[in-house]
Amino acid sequence: MNGPGRQDPPARASWVDWLEQRVNLSEIFSFLTHFGLVYTPVDTHKPVREVLRDVAAKPVPRYAHGARALGLLAAILFGLQIVTGVLLAYYYRPTPEAAFESTRTIVRDLPGGWFIHQMHAWGSWLLVGVIVLRLLRLFWEGLYRAPREVLWCCAVAMTWVVIQSDFTGRLLTWDSHTYWSTVRGLEVVWAIPIAGPVLAFLLGGRTVNEDVLIRFYVLHVMVLPAFYAAFLYLTFATLRRVGLSRTGPAGDERTIHYREHLYSMTMLTVGLFAILVTLATLLPLRFHGAADPYVTPGGVRPPWYMLAPYVLLQRLPLPWLSGLVLLAAAIAVLLIPFWLRGGETREHRLRIRLAGAGVLLVWLVLSVLGALLERS
Amino acid sequence: MPIPEDRPIHLPAADPPDRRRVLTLLSQAFLALWGLGAAAVVGAYLKAPEKRDAERTVSAGLLDDYRVGEGRLVRHGVTPFYVVRLDATRVLALSAVCTHVRCILGYDPAHRTLVCPCHDGRFDLSGNVLSGPPPRPLPGYPASVRAGEIFVQV
């Protein structure tokens, strides 16, 4: 069939064949699927139709659904953020005078603008949530162990990038509450050793002004998405080397057809969008009015993922000490595969899981404390 | 032409190992210097200009516009401050930026205190911390009245 002597009859030549002879379509397909969907290497020497047939015939582990497909949800949400973000960028102007005005124009005056903005805002909430849950899941199932260290580091780096995207995006509306929550979130950033002073130096001081706004804008719309895409690519490049995890119930080596996998992924996407649209329409995030750098409103809180470090900063006597704790924690999480080694015994795994659950519990308690502290 | 087997062959490609090491080191050092230079250029470009207030003496309006005990926020550059009229002739200027996390203070004329909306830190009109988390007292600025107009040295 695909021998060297095979000749397509000219009558059956379609535009795919026409293009195939001029561009390596399989290479393009391989590149695109490095950002999602295909977990196995693609033979780029074959014509694209064969490649598609190969991919569709590949078995996929049966357990790859639900909580084990959080990475896919993250990828979809990232795509949604790109699309809605580009749409928002057509009208948004990143200056202190125009930021709130232009956001209001988008939300109030443009047809469907409120919907696109709410999808973007809620999408970021869900993206942060999904990516953190994915990290927890990877830890719980021990998926940082060899040979999956790079996958783990990518997951941690993507979490950082997503949290930074959320943080920089909050400021852009120049709403009074998000403005002051950024001011207060930055207090945590300043406390981080090395990174804090360097950032303060680059931002030209510790006040949130027009320079900070445009820097956050550039980070939010160019730099951070590029990093995220790079880590996504690296994730799939790793997956193609080490394969999907086999973490189902012991002995569950059953596989399903790729088509079935695609079907369940589609259902997951539909469900995700159902949740997103519901949140965006029924619980729209509210505005409070344009930010005034000379008036701090009451009841402003740091973003929820900053509450725990914020409590440390408030309650530990030395700011640099809490900053150091933060930095150490971030590096420790990133390097888990390299220091959390040991036997593969059940006891060992149980102990690690318990330790992780303990750390999570401390984090949750600190966050609740932070929320209470802010309310009082 | 075949090379006779007994003649020694000098291969020009094989440098002495230490010369090669030195060359490698030199090129690495050059690249590192280049990287440092590039980082310096990018860093210098990226650094936002420090915002400084050009004016040193700021007018805060006419003394007669203030009631006794009234405090007003003067929106001055990166150092907003409060001007409070203490009595018939005396005024006082005090930074409006909380020393804790840089929230802008509110003025409570009943108690003559400055209150932070973020963490409920309180300052008296001398700038001293009365309660709450602020670590340092508020800086004050010299204020004077000339021809009925209040001037503050920032």
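This is a predicted model: local features need pLDDT of at least 70, side-chain atom pairs count only at pLDDT 80 or more; totals for chains, interfaces and linings use all residues.
Residues are numbered from 1 along each chain as its sequence is written, and chains are lettered from A in the order in which they are written.

**View 1. The contact between chain A and chain B.** The contact takes 19 residues from chain A and 17 residues from chain B, two residues being in contact if their C-beta atoms, placed from the backbone, lie within 7 Å. The side of chain B that touches chain A has 12 nonpolar, no polar and five charged residues; here Ala, Val, Leu, Ile, Met, Phe, Trp, Tyr, Cys and Pro count as nonpolar, Asp, Glu, Lys and Arg as charged, and the others, Gly among them, as polar.

**View 2. The largest nonpolar core.** A nonpolar core is a set of buried Ala, Val, Leu, Ile, Met, Phe, Trp, Tyr and Cys residues joined through C-beta atoms within 7 Å, where a buried residue has 20 or more other C-beta atoms, placed from the backbone, within 10 Å of its own. The largest such core holds 54 residues, of which B:Phe81, B:Tyr82, B:Val83 and B:Val152 touch the most other members. Helix α8 (residues 176-191) of chain A gives the most to this core, with seven residues; helices (H or I, at least four residues) and strands (E, at least two) are DSSP runs, numbered from the N terminus.

**View 3. The four-stranded sheet that includes β3 and β4 of chain B.** This open sheet has the order β2-β3-β4-β9, with antiparallel pairing, and strands count as paired if DSSP finds at least two bridges between them. Its edge strands, each pairing on one side only, are β2 (71-74) and β9 (140-141) of chain B. Strand β3 (residues 81-85) is joined to strand β4 (residues 91-95) by five bridges, and B:Val83 stands opposite B:Ala93 in β4(B).

**View 4. The hairpin of β10 and β11 in chain B.** Strand β10 (residues 143-146) and strand β11 (residues 149-153) pair in the antiparallel sense over four bridges, with B:Ala143 opposite B:Val152 in β11(B). Two residues lie between the strands of this hairpin, and B:Ala147 in the turn has a positive phi of about 50 degrees.

Key
A residue is buried if 20 or more other C-beta atoms lie within 10 Å of its own, exposed if 12 or fewer, and partly exposed in between; C-beta atoms are placed from the backbone.
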